[in-house]
Amino acid sequence: MARMPRLPLNRRRPLMLENTRRQGTSFFIYLIFSLLIVIMVYGLAPSNRGDGSGCRSSSTAAVTVDGQDVSNGAWLVAYQGNTASGRQKTYLALDFLIRRELLAQAAQQAGIRASGDMVDEEIKRGNFFLAGQRLEARGMFYSKVGDEEFFDINNLKRFAQQQLNMSLNSYREEQVRGLQASLMADLIKSSVRVSRNEALADYLYDNNTVTYNVVTFDPARYQAQIKLGDADIKRFLDSHGAEVEARYKADERTYKDVKPQVAIREIFIPKAFPQTKPADDKKPAPADDKKPADDKKTDDKAAKAAKADDKAKKPENPRGLPLDDAKAKLEAVRAQIAAGKIKFTDAEKQLAADSSDDVPGDNGDRGWRSLENPALGDKAVNDAIKTLQKGEMTPVITTDRGAYLVTVTDTRKGDLTYDQVKSEIAAALAKDLWSKEAAKREALAALAQVQGGKKLEDLFEKEAPKFDIEQMLNDPNVPEQQKQMIRQLMQQKQMMRQKHGALETHEVDVPVGWFADADGSSGGSSGSAAPAAAGSAAAATGSAAPAAAGSAAAATGSAAPAAAGAAAGSAAPAGDAAKPAAAKSTAPAIEASKDVLPAFGDVAKPKLAQEGPAPRQAKMPGIAGSPAAATALFDELAPGDTAKTLFEGEAGSYVIVQLVTRNAPKVEDFDKNADAEISRMQEARGRAVLQTWLKDRCETLTKAGKIRPSPNHIREYDDKGAPTPTIYHPCMMFDQIAQMFARS
């Protein structure tokens, strides 16, 4: 057959089309064939996606990370795969996608690939990939017949189609990208190293614990019972005038253009509550004059029983009156005030017994209130205030709560001068300062009694014992299944802890990156800090591939505990716990001021609480962030001793501490579980290295404008549909995600 001559390039046509034209086929058929050829050419062209990406370039991408668009299928998995609500659900989904893309892109550059076959095997094992994290999902993918579990493809289809609203193929494609990211995360975490000596130091630190008693004197209890009079406020102004004036200057703008306010005093008698009387069901004591051999124990028991009996017989604090009686009392008092026979403040004192706990310690003074909204607890009372002039009283008002009588003692508005507000500023400062001073003085008095020979447990009632996990685990009456659940919870909690301190290189070519807390301590159960990613400097430069974790020098900040440091070098026990080190507390002496305090009502006496066993940490239970108290417990006191000074606790409180026991760990106990301890520490450090790399990489790309969430996902609107400032920014949920995955 003769060869068909080639046509010039500008006249070249497919043979079939040329024949069609020669046969007189209509122009429309020619056009259809041309379109089909164009469609075939573009259909066979390579797709615009990277190897193993699972993400096509799309104008509807939920987020773009370093030039790579994330598919709608990935968005469905990230959004439906988290249990947050409201806008937080969207923010979490976006950061899930960003986290996954950072890891997947780094995997591509490192030559790590994932395939559909690999994902199928993971799915059959019951795994689900979210944000580059492998999660166990057997409950969703498996069925059970009798005692046997097996993978059920129908469960997988239902999960993809019903819960994620996507096809099974789309789900598999998205999971390929998730697996690729997970492999990169595993590589980063596994690149860290932990030596035996480091794990030993960590173990000795964790298990060098103290158990101690704490008595806390809380200023808030005193402030609730303080009774400030005009003379007290004047005395405070005389002695603390500079502080009052400084507060006015600091808050001066709040006293400009003030809307109408009223100064209010109130008498409130609550509606009486039914009284409950303790049943007198005690059996009479046997008529036996004989005493047991141990007379002292018997006498002590009898004294305690008598004390408890007196407490039970003591009538409850009365609370209010029947509503009609309360109204009648207030009507009579109002008539006397109106006639000028008594003052309003005198009436408050007369009815204090009826008002009981519902009247504060400052004798019915409610201070300055907004005229528009006095916030007195009932609409009828608030409305009645709005019509009053200075010096006038409301009628007696009854509500479901009780009976009210209120008077307006002064009014003001506009720009308020220092002289107008100095008394109320002084009253507020006096309450804070003098309540704390009262708590301090009572704590000092109690400490003086202890130093004089009194026992702490005799001076203060013990709090109810806290839940003792160890005791429960050793209790033969607790079912083994319940004990196993407790152990699992303890293990999860331990895995969440990210220990940190100043640990140096202990083995050749095994550098360590370790952070200390801001206060220089080596942290503890608070978990407030995490080990640094030693290779994070490389990430900060913008390179997607992380440097080998652990390749940088050790972080600064020496905070390793003494016992840990000693063990790391010699592998010797930390020492005898009963012989504290010679370190001395640097706590400043706490002394009472010379202020004359106002009167206080009955303040509930604090109780003796037992804390621990607890390791040395930045915030010790019951004594908050007092390094001096921790030093006393770990380095100064012997078991049974009470510290000779007060310590400042949480919220301005003062605490007395007494060491009960100090427990020192043993190296031989570590040797029994050394592999597990090394693995635990490596896992915690690996998670921290990964987290630091992710945050560094995310922040670097965000600053460069290379992470762009879809505007449709991050737009914010108020209740009326008006746009509001955008709250979301990339990486904002990374810490929360890390905590979620640490618990998984």
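In the predicted model, strands β9 (residues 258-270) and β12 (residues 402-414) pair in the antiparallel sense over 11 bridges. One of the bridges joins I267 to L405 in β12. Both strands belong to an open sheet of 4 strands with antiparallel pairing. The strand order is β10-β9-β12-β11. β10 (365-370) and β11 form the edges, and each pairs on one side only. Helix α13 (residues 323-338) lies across β9, β11 and β12. The helix runs at about 45° to β12.

The loop between α16 (379-385) and β11 (397-398) contains T394. This residue is buried, with a relative accessible area of 0%. The value falls under the 20% limit, so T394 counts as buried. Residues up to four places away in sequence set aside, T394 touches R334, A384, I385, L388, L405 and V406. L405, one of these contacts, is also the bridge partner of I267.

A second open sheet has 4 strands in the order β14-β7-β16-β15. Its pairing is antiparallel. The edge strands are β14 (608-615) and β15 (647-648), each pairing on one side only. β15 pairs with β16 (residues 654-663) in the antiparallel sense over 2 bridges. E648 has Y654 in β16 as its bridge partner. Two helices pack on this sheet. Helix α17 (residues 418-451) touches β7 (209-217), β15 and β16. The direction of α17 makes about 45° with that of β16. Helix α23 (residues 627-636) touches β7, β14, β15 and β16. For α23, the angle with the direction of β16 is about 30°.

A helix pair was also examined. Helix α8 (residues 168-190) packs against helix α25 (residues 674-703) at an angle of about 120°. This angle makes α8 oblique to α25. The axes are 8 Å apart. The crossing of α8 past α25 is right-handed. On the α8 side, the contact involves A185, I188, K189 and S190. These residues meet Q682, E683, G686, R687, V689, L690 and W693 in α25. By class, the contact comprises 5 nonpolar, 3 polar and 3 charged residues.

Methods:
Residues numbered from 1 in each chain as written. Predicted model: local features only at pLDDT ≥ 70, side-chain atom pairs only at ≥ 80, totals over all residues. Heavy atoms only, no water. Pairing = 2+ DSSP bridges. Contact = heavy atoms within 4.5 Å. Axes fitted to C-alpha atoms, helices over the stretch in contact; angles between N-to-C directions. Buried < 20%, exposed > 50% of the residue type's maximum accessible area, 1.4 Å probe, protein only. Parallel < 35°, antiparallel > 145°, perpendicular 65-115°, else oblique. Left-handed = near helix turned anticlockwise from the far one by under 90°. Nonpolar A, V, L, I, M, F, W, Y, C, P; charged D, E, K, R; others polar.
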